[in-house]
Amino acid sequence: MFPPTRFIAVLTVSALSVAVIACSSDAPSAFSTTTPEPAPAATTAPAVAPEPTTAPAPAAGGDASAGEQAFGANGCSTCHSTGGNTIVGPGLAGIGSRGDADYILESIKDPGAVIVDGFANLMPTSFASLPEEDLDNLVAYLLTLN
Ligand code: HEC
């Protein structure tokens, strides 16, 4: 058994020889440059493409307590109680039994898609631009309301 560092060194050397062989052939190579000579050790590492910045979508199930904060911070609570009473919008108690997470998410991002009976289309559409994470947290929170 090689110690791991030795093993990596061996791998690196083999990779380099592959690269040199590839460069010396006529075959198009990812390593080919305008100079056929092996380039002197590069002083600047080739820019590594930044990792895609798409945040990993939080798995279904945001953070309910962060969602509770977001509910206040985004003004949801000015229109919605978390009980059964109406403020401007319907009280959200039991919302999880009236619709699933997808319905709740849609209600937040596109409130006009389904208008709750007896209510007007008064909910702002601006919440669609909340960060995905906040939306997931809000949904997680609303699902806890019984
Ligand atoms: C200006 C008042 C207002 C604000 C602010 C508001 N809503 Fe609403 N919301 C409403 C009204 C009115 C309805 C009912 C009409 C409809 O279905 O769009 C509603 C409907 C909903 C529903 C569907 C309820 C049901 O019983 O099916 C959900 C879920 C909801 N809102 C969540 C939110 C969340 C979360 C926020 C904050 C990010 C928020 N709302 C902010 C007025 C508001």
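**Exercise 1. Contacts and overall make-up**

Among contacts in the chain between residues at least 6 apart in sequence, what percentage join residues at least 24 apart?

*Solution.* The model under study is a predicted one. Of the contacts between residues at least 6 apart in sequence, 58% join residues at least 24 apart. The chain itself contains six helices and zero strands, and read from the N terminus its elements follow the order α-α-α-α-α-α. Buried residues account for 16% of the 146 residues.

**Exercise 2. Helix α6**

*Solution.* 

Step 1. The helix has 12 residues; at 1.5 Å a residue, α6 should span 16 Å. The expected span is taken as 1.5 Å times one less than the number of residues.

Step 2. The end C-alpha atoms of α6 are 17 Å apart, which agrees with that expectation.

Step 3. Nine of the 12 residues of α6 are buried, so this helix is largely enclosed by the rest of the structure. The buried residues include Asp134, Asp136 and Asn137, as well as Leu138, Val139 and Tyr141.

Step 4. These buried residues of α6 pack against α2, α4 and α5.

**Exercise 3. The largest nonpolar core**

*Solution.* 

Step 1. The core has 13 residues, and those touching the most other members are Phe71, Ile104, Leu138, Val139, Tyr141 and Leu142.

Step 2. Two or more residues of this core come from each of α2 (64-73), α5 and α6. The greatest contribution is that of α6, with six residues.

Step 3. Leaving aside residues up to four places away in sequence, Phe71 touches Cys76, Ser77, Leu138 and Tyr141.

**Exercise 4. The surroundings of the ligand**

Describe the shell around the ligand by its residues and by the helices that supply it.

*Solution.* 

Step 1. The ligand is surrounded by 28 residues, of which Cys76, Cys79, Gly89, Phe119 and Met123 are the closest.

Step 2. The shell comprises 19 nonpolar residues, eight polar and one charged.

Step 3. At least two residues of the shell are supplied by each of α3 (76-79), α4 (95-98), α5 (101-109) and α6 (132-143).

**Exercise 5. Ser126**

*Solution.* 

Step 1. Ser126 lies in the loop between α5 and α6.

Step 2. Although Ser126 and Lys109 are 17 residues apart along the chain, their C-alpha atoms are separated by 7.6 Å.

Notes: Residues numbered from 1 in each chain as written. Predicted model: local features only at pLDDT ≥ 70, side-chain atom pairs only at ≥ 80, totals over all residues. Near = placed C-beta within 6 Å. Helix = DSSP H or I, 4+ residues; strand = E, 2+ residues; numbered from the N terminus. Nonpolar A, V, L, I, M, F, W, Y, C, P; charged D, E, K, R; others polar. Core = buried A, V, L, I, M, F, W, Y, C linked by C-beta atoms within 7 Å. Buried ≥ 20, exposed ≤ 12 C-beta atoms within 10 Å, placed from the backbone. Contact = placed C-beta atoms within 7 Å.
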